[in-house]
Amino acid sequence: MPSKPAPIKKAAKKEPEKKEEEKAPEPAPEPAPEPAPVEEAPAAAAEGEAPAEAIESAAPAAESDAPADGEAPAEAPAPEPKPPTPPPPPKEPTSAPVDLFVEDKNDNSVTIIWSQPETIGDSGLDGYVIEVCKDGTEDWKAVNQDLQKSSRYVIKNQTTGDHLKIRVVAVNEGGRSPPVTLPEPVLVKEVADRPKVRLPRFLRQRFVAHVGEKINLTIPFTGKPKPEVSWTKSGTALDKKRVNIRSTERDSILFIRAAERDDSGVYEICVKVEGFEDKASLTLQIVELPGPPATVKIVDTWGFNVALEWTAPKDNGNTEITGYTIQKADKKTGDYFTVLEHYHRLNATISDLIMGNTYKFRVFSENKCGMSESAAVTKEEAKILKTGIDYKPPEYKEHDFTEAPKFTTSLSDKATTVGYSTKLLCSVRGFPKPKIEWMKNQMIIGDDPKFRQICVQGICSLEIRKAGNFDGGVYSCRAKNDHGEAIISCKLDVKQAVNPDADKK
């Protein structure tokens, strides 16, 4: 598209001035400048078209040339104004925080907690301001210099006994929220709480430690304000050179650097708070290895066996003896070998020894710490003979079986019928064997053939053959030896036989 550069430049300078003068009374909003299409310029030049600057200058030139030719000028399309950018919405503060209450307090501080506001909005939440004032005034002062991020705060450096009103305000870009205030003023004072010792479970039984060990026991407790803690041992004050006590608001520590047996005993802790107290006790037992048995000796030697006896150690290591270990040594080698372990008695029989050897023995004592460092050794030696075994039977004192007669079964009263035989029975014991005599009405029966007398293995019997009317009476049995005598009696009743024929007559 041909164009003359000179007139275009002149027109470009004059035309805007005219338009500005004509449109001066009604200023129109200026459209935002559009960026030039820098990237398309080379392509247009390649096709033989004028560059973008020439086109912009040619447009006013064409408008200026149009009146010269007497033709009506073409109106250029006015750029559409962009709608104005709406102003940003006003920033609003959050709603008031909720659930404000006192978590804890003491003589110089108050701890409060709360929950974040229910409505936060687009401006978010920057933090909180905590304000206090004394009861009866409205002089609210912030106690935190920087915004508090969390929902918990400790108001420190307060005067004991003051009544404080406390409120919390949420802050964001929109400003301060309505405050949330505690319903009642808070008294700055420690809340008294009864003391309670929380003795650990493992300390409720006897606590056992070895000599030389470090003891570090922590006893927790509760109570407000800070409790006063005191310790005693078996009712007396602690030895500060031996036992160290470190106490805090929540626990007390009993520390012994190197335990000794004298540290054993009952320790009692007492925690006091304003006239209230609580106590707990623990038993500490310091143990060590026991000493050796006091004595050990060979009691007897026979065949391939040796009998030993020993006595308990004088020092048990402050705990009970749990057993003994017995060892033997052949005189030829002198090496000791264990024959019994964890043995509980104070005597033992060592068997399966070798014929012709000579042995020595030693005994160790044991407790829960282990085996004694030294042993008790027999002074004597046990020699197992090669040739036959000489056995000397022990001499026993003969038992004295002598005994005076004694009836173990008594005679019983009996009744019989004329013409029938009957027996009286009893049993007797005694040594030497007692002599038996039967009597009728205190008269010795002797060898009367009407009576048959038998005594076998202490069972005595008297048979009355075909008893008659005159055989009734009191019968007695008398047993007699060198150590005494015994007598028993019974009554025999002889009845007349009933004759049925006589009754018919």
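Residues are numbered from 1 along each chain as its sequence is written, and side-chain values use heavy atoms, with hydrogens and water left out. Because the model is predicted, local features need pLDDT of at least 70 and side-chain atom pairs count only at pLDDT 80 or more, while totals for chains, interfaces and linings use all residues.

Let's start with the sheet. Pairing requires at least two DSSP bridges between two strands; S35 and S36 pair in the antiparallel sense over nine bridges. Lysine 480 has glutamate 485 in S36 as its bridge partner.

| Strand | Residues |
|---|---|
| S35 | 473-481 |
| S36 | 484-495 |

Now to aspartate 278, which sits in strand S18 (residues 276-287). Aspartate 278 is buried, meaning under 20% relative accessible area. Aspartate 278 has no salt bridge (a side-chain nitrogen of Lys or Arg within 4 Å of a carboxyl oxygen of Asp or Glu). A polar atom of the aspartate 278 side chain does lie 2.8 Å from the backbone nitrogen of valine 197.

Glutamate 184, in the loop between strands S8 (180-181) and S9 (186-187), is exposed at 59% relative accessible area, where exposed means over 50%.

Technical notes. Helix = DSSP H or I, 4+ residues; strand = E, 2+ residues; numbered from the N terminus. Buried < 20%, exposed > 50% of the residue type's maximum accessible area, 1.4 Å probe, protein only. Lys, Arg positive; Asp, Glu negative; His and termini not counted. Polar contact = N/O pair within 3.5 Å; in protein donor to acceptor, adjacent residues only side chain to side chain.
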